[in-house]
Structure formats: structure tokens, C-alpha cells
Amino acid sequence: MTVQGLFASKFKTAARVSAVPRIAIVGRGFSGMMSAIALMKTVRTPFHLQLFDPNSSVSGGQALSSARASTILNTRVRDLSVSLGDADDFNDWLCSNAEFRAAVRAAIPGFRQIFIPKALFSDYVYQRFSEALAARKDITVQVCHEPVVAIRKSQANRFLLESAHPANPLFDTVVLATGYGLSEPEPETEDRSPVRAQRLVARPHAVLLGSGIRVVDQLLQLRDSGYNGQITIVSKHGFLPQSHTPNSADPVFPAEALPQKLPEIVRFIRTACREAEEEGRSWQSVMNGLRRHARSLWRSLPADQKRQFNRHLRAIYDSHRNRLPEAMYLRLKRELAEGNTILRRGTAGRRGLSGIFFTPAGSNVEEVIYAERVFDCRCKAPDLAMPLMQSLIGSGLAAPDELSLGLAVDQRGGLCLEDGSTVDGLFAVGPLGLGSLPDIDLVPEIVTQAYAAAEKVAEQFYPQSRAV
């Protein structure tokens, strides 16, 4: 499907497209849509934009997708603007929505501190994409559902995107926005075991695999749909998301210099959290302040301490970083306190006819958790073994970060090679760079990086096109 401007339904000017710069975005989740918006607002000369994703509809990626429209985002409105330099853009969009204003009267005149449904945020993103496209009659946008299986550099220093389509196109610039990986859409998030499991379980029993926001969301979705059976959450480290404060927690952080070694840094942060609460603030405000130091702190750590952090501290950090709205957190605490839901720490193994195999933490003995319903709510890391990533690494166009959590990138999303150089015209925006840039899976950081990458495209390839 090709769109010229916003309104054209057919593409009849192939010759003209080949005469203008061609930009490809691989992935149409939030990172991909944000990259498209940033490019349309930043690169001021005509170009052709092609969006690749095997899914026919845009889900928002793992971080934002949901099976139900009412699912609440765990980020306040104030941090969800897609307009660089205008933190109130989403709030203003909500204020202009009469239906939403009528439903949430208590928040008038503004909604900056509230949490909203993911579906509403998706509507906002698509409207801003449509508006950016409508304002650019000089560009064309094409959507392709064929999966990209490889990217190679041509002799003319352009990029060849290989897919199932017989005519593999060449591009001047490629933005990888695959998030945690691209795959064919699955019809259901639930895995129902055979009837045998139902006979073995006296009371209806569901197992949820994961530790993050998605596992809590699935738990509450089950309860809201009337499920009254036992629920077991299987978490590798046993940490679940903590709570946001009822009101905004303004970032604070000690002025003194951070220590250099990981154990001392951990003690420093714990002390700062304790002192903040003693002074009437909250530990959340310290964690919000820590985010401003996260990237420089991460870069300063040697590789062995980064590995130590990932093994022993990542789960704790994520549970305090990715927090729940207070109402959701209180429901989770009530579920656990009443025993309707239990949390088990350990490793989930293969699925059997009767449920799922499970190895408790600190034990080598595998057991079976009998259940008739199993939901995998784990947010998977970027898959460097997928053919697309292997083609980039194998051809010398990309390199894994030092912990192989994703691809090595700079602040703008430029792909970094082992010698520290970057590949002109090739970017990775969003969670693909999580091993290089902590918190690049959060909306404000993705927005900033998408615009930085777009500026680089404008500067490097189209020097007269920078937005004024």
C-alpha cells in the first residue's frame, strides 16, 4: 500500500520516487511510528518513506500492545508527548477531546498527572502521524507487510532490504525500529493446555509467566473478565512492579559525585532513597532523578560490573523503574495478601499436558505446576539471533553491545562498530539499543532519540533540509 501525501490511494509516479531519497523504517510499533513522525517534521526536502512490518496492524510493540482497550499505561500523561520541546502536547490533545473531558471531569483543566488507556495513546500517536503526513504533500509513504530478512550494503553505498518480495528495493537510509523483535502476529496470547489438565486441577488454575507490567495487566484482565480461579505468577527473581506516588514525584538526586564501583553505587542510591523519605519526599523521586544520570553511569562501569548488574540487580532496578499506577498496585497487593494470587520465584521450563514444569529458586528439583491456562507475559529481549540481525552483524554493518543485550548504538541511534565508528545512514531507534542506552525503552527517551536520528539524516544526507 502506498500513500502520497495523506489522501492518495494509488501510486502512479514510480519514476519520481526513484529520483528522491528513499528511507526505510523496519518496524511499525511505537519506535517506528515515532521515527516516521520525526523524519517528516525534520527532513524538509522530498523523500519516499517505506514502512516494513509483517503485522498488518500496528500493535504498539510489546511495551504498548494489549488485548483490551481499557488497559492503562503505567506512564503519566506528562511523559507521553511525541512533540519534541512541547511536553504538554498530549495533555493538550486530551483537553481537546470532548468525550474524554466529559468522562474525566475531575482532572480539568489538565490531565498531566493521570494515567490513561493505551488505546487512547495509540489514537494520539496515529493522529500526530496523519497530521505530519498531511502537511507533507512532497513525500510518499508505502507500507509493506513482507518481513525483512536481511540488510546489505550495495556497491553504490545504498542499503538493500531483502524480503519475500521479488523486487528488493534500495534505500539511502534505514531505521531499525524492531523493538524487541518482529514476528508474525499470534492469534492469542493464551496457551490452553489439553483437557487432561482440567481434570487434574481441582480448582481452576492459571499460571502467568513474567515479572513486569504485562503480568500485572494480565492478572487484572483475568479478574475483570470474571475469572475466580487460583493464579500463580512465576517470576525468575520474584520482583513485581512497585507503585507510583499518588501525585507527581519531582526528580531529586544528591549533589555529591556518584561512587565508581557498583556495590558502592547501590549503597549510595539506597541511602539517598532512605534520606528522601525521612525528609518527607519519596524514593520514587530519587529513582526519577537517577534516570538523568543512568546513561553516564552505565558508560562508566566496566563490562564485568555491567554483567554483575544484569545478573543480580536488573530485576530490582526494573521493578522500581517501571512502576504501576497506585490503584493497580493496591489491587495487586490485595490479590497477594488474600491468597487468590501467589508469587513463586524460580524458572519456568517446558509445558506439559498438565501444566508447566517449574524449578524453584535455590533448588535443582523440577516440579509440575498443574494448570489449565498458561499466559506468557515476559517481555523478551531483542533477538540478535533473528536472520535480520545476523545479516547486519555478519556483513559488518552492526555489532552487538558489549553484553549482547542488543545492538551497539550511540545517542542518536547510529549503529556502532567494534572500532567505535558508526555506519552512515543506518540507525536503530528504541529498545534495540538497550544495552548501550539504559531506559531507551521508555517513551520520552524514544522520542528524543527519534528526533536526534532524524536530525542526523537531515545533516548528513540532505544538508539543506534541516528544519528551521
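This is a predicted model: local features need pLDDT of at least 70, side-chain atom pairs count only at pLDDT 80 or more; totals for chains, interfaces and linings use all residues.
1. Residues are numbered from 1 along each chain as its sequence is written, and side-chain values use heavy atoms, with hydrogens and water left out.

2. Confidence comes next. pLDDT is the predictor's confidence in each residue, from 0 to 100. Its mean over the protein is 85, and 85% of the residues reach 70 or more. Two stretches need care. Over residues 58–69 pLDDT stays under 50; the model has 31 contacts there beyond four places in sequence (contact: heavy atoms within 4.5 Å). Residues 184–201 also stay under 50, with 34 such contacts.

3. The fold has 16 helices and 17 strands. These are DSSP runs numbered from the N terminus: helices are H or I of at least four residues, strands E of at least two. Of the contacts with a separation of 6 or more, 71% join residues 24 or more positions apart.

4. Of the 468 residues, 49% are buried. Buried means under 20% relative accessible area, exposed over 50%, partly exposed in between (1.4 Å probe, protein chains only). The protein exposes about 21,900 Å², and carbon and sulfur atoms supply 52% of that. Areas come from the Shrake-Rupley method with a 1.4 Å probe; for residues, only the protein chains shown count as cover.

5. The largest nonpolar core has 48 residues, and I116 and F121 touch the most other members. Such a core is a set of buried Ala, Val, Leu, Ile, Met, Phe, Trp, Tyr and Cys residues joined through side-chain atoms within 4.5 Å. Elements supplying at least two residues each include β2 (22–26), α2 (30–42), α6 (118–134) and α16 (443–461). α16 gives the most, with nine residues. Another core, of 28 residues, lies apart from it; A24, L384, M386 and V409 are among its members.

6. Back to α6. Its buried residues are K118, L120, F121, Y124, V125, R128, F129, A132 and L133.

7. The structure holds zero disulfides (pairs of cysteine sulfur atoms within 2.5 Å). C273 counts as buried at 13% relative accessibility. C377 is buried too, at 7%.
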